[in-house]
Amino acid sequence: MIPRQSSRRTRHLLSLALLLSSTQALSADDSAGEETEAVPQAANMQLDQPVITELGPPTNVAPTEEQSQSTDAGSEEISLPQAENLELDQPIQELDKPASPTETAPTADKETETVKPQPELPEPGTISLVPGETAKPLRLLGSEVPPATSTRLAWSPSQHFEGVYSPTAVLVVNGAKPGPVLCLTAAVHGDELNGVETVRRVMYDLDADHLSGAVIGVPIVNLQGFHRGSRYLTDRRDLNRHFPGDPNGSSASRIANSFFHEVISHCNAVVDLHTGSFYRTNLPQLRGDLTNPKVVKMTQGFGSTVVLHSAGAKGTLRRAAVEAGIPTVTLEAGAPMVLDELSVSHSVKGIRTLLNQLGMVSKFRLWGDPEPVYYTSTWQRTSTGGVIFSEVQLGEFVRKGDLLGTVTNPITNVRTEIRSEHNGRILGMALNQVVQPGFAAYHIGIQAPQEQISQPQEVVAEESVADKSESKVPATPENRQPPTEGEE
């Protein structure tokens, strides 16, 4: 019995040895196959050098004669990339779809196509209204937008604590005919949404083939605040208190400087869209410096919209643009953090009427009778804290002594009345909420004598601030002025 068990054990050990040897052979074959596959080698980079130095041309290689000639020719005139002509009434994802075979012309047909002559490149800022003159390309943000072109560009400040900025969309419609350049800006305060929707509706309704001049629309200027649902930038500063900005100032001043010089300075007129602030709502109204004839002309182009005289707080986009020679008005409508259809519709009608008044669109638009002009205004404040309930409505006319609202102490049940101290109209008011003593609750406009208003002056296409040789707008130190209730 013992010899039989030994032979059986011997056979079992031999089987295990054969199995192990075959497994090792298979593993060796797999390893050999893996070694034959080509693995991409990482680039050897000097991490202590900026990326632009690594990506740029080598400095120790002398340029060829052809490269030198091309460089000398380029120094005479900078050739900008031509912006793509997009259909702005289509979403981006539809534009990015590849063309179907039926939409693509055969190669044979392409050879017989007649090449359209390209328009000559104009000198910057030569848009004019001379009869018979053709429209010129618009140079903006490092691109050239040809006439009869709608496109999307992007503005991004050059400095940020993270190293890069998220690009801000800039919609551009350059008409087929010459005319002024109108800029529409919204969400300079990131929590003001009505202007965002207003710019979208206006821009996507324009037809470049039937437009005289150009319209630049920036739906969201303060992208930092917009992402956070905040009025302010991430550094807690009010962007609309730092224009025209300072390239060496605070973060807010640098952002303001970049936007003002890269976008605003290329315009002949600006409409800056805002809403009320801090749980207040505004009757749709225009604010502008009525001592400026071109600003007066702009206010008359908005149809049935209330006008309030205001030079604007120092550091606001409107005031900085007017001081730089660009007529600008602020269009206030509605409350922050909400989309109000009535406010948006009113704003869209007003801007479309302005386009007609400026001669930029041929379609005749006449909207309502002119509203009163209010040369002065005052804020009626609460004397006690508590819960405010209003007895008047936005746009209502009031007389001195009329009851505007009440403030009730929720603990003692003491009720305090707020009565008007002036004859005028409610241009802005607080929403029903808890308030502290001194809270600005009712903005009352007082109508202006007609003789105080300047005579209007036409807004025409002319050389933009950015294209003038002496166009550098002096930088100002950063302004720390706190925001004013109800002011843009």
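Contact here means heavy atoms within 4.5 Å. This is a predicted model, in which local features need pLDDT of at least 70 and side-chain atom pairs count only at pLDDT 80 or more, while totals for chains, interfaces and linings use all residues. Residues are numbered from 1 along each chain as its sequence is written, and side-chain values use heavy atoms, with hydrogens and water left out.

Leaving aside neighbours within four places in sequence, Leu184 is in contact with Val199, Val202, Met203, Val215, Ile216, Gly217, Val218, Val271 and Ile351.

A nonpolar core is a set of buried Ala, Val, Leu, Ile, Met, Phe, Trp, Tyr and Cys residues joined through side-chain atoms within 4.5 Å; buried means under 20% relative accessible area, with a 1.4 Å probe and protein chains only. The largest such core has 34 residues, and those touching the most other members include Leu184, Met203 and Phe302. Among the elements supplying at least two residues each are strand S5 (177–185) and helix H11 (341–357); H11 gives the most, with 5 residues. Helices (H or I, at least four residues) and strands (E, at least two) are DSSP runs, numbered from the N terminus.

Is Phe302 buried or exposed? Phe302 counts as buried because its relative accessibility is 0%. Phe302 is found in the loop between H9 and strand S9 (306–309), and its contacts beyond four places in sequence include Val271, Leu331 and Trp367.

Finally, of the protein's 488 residues, 44% count as buried.

Terms used. Buried < 20%, exposed > 50% of the residue type's maximum accessible area, 1.4 Å probe, protein only.
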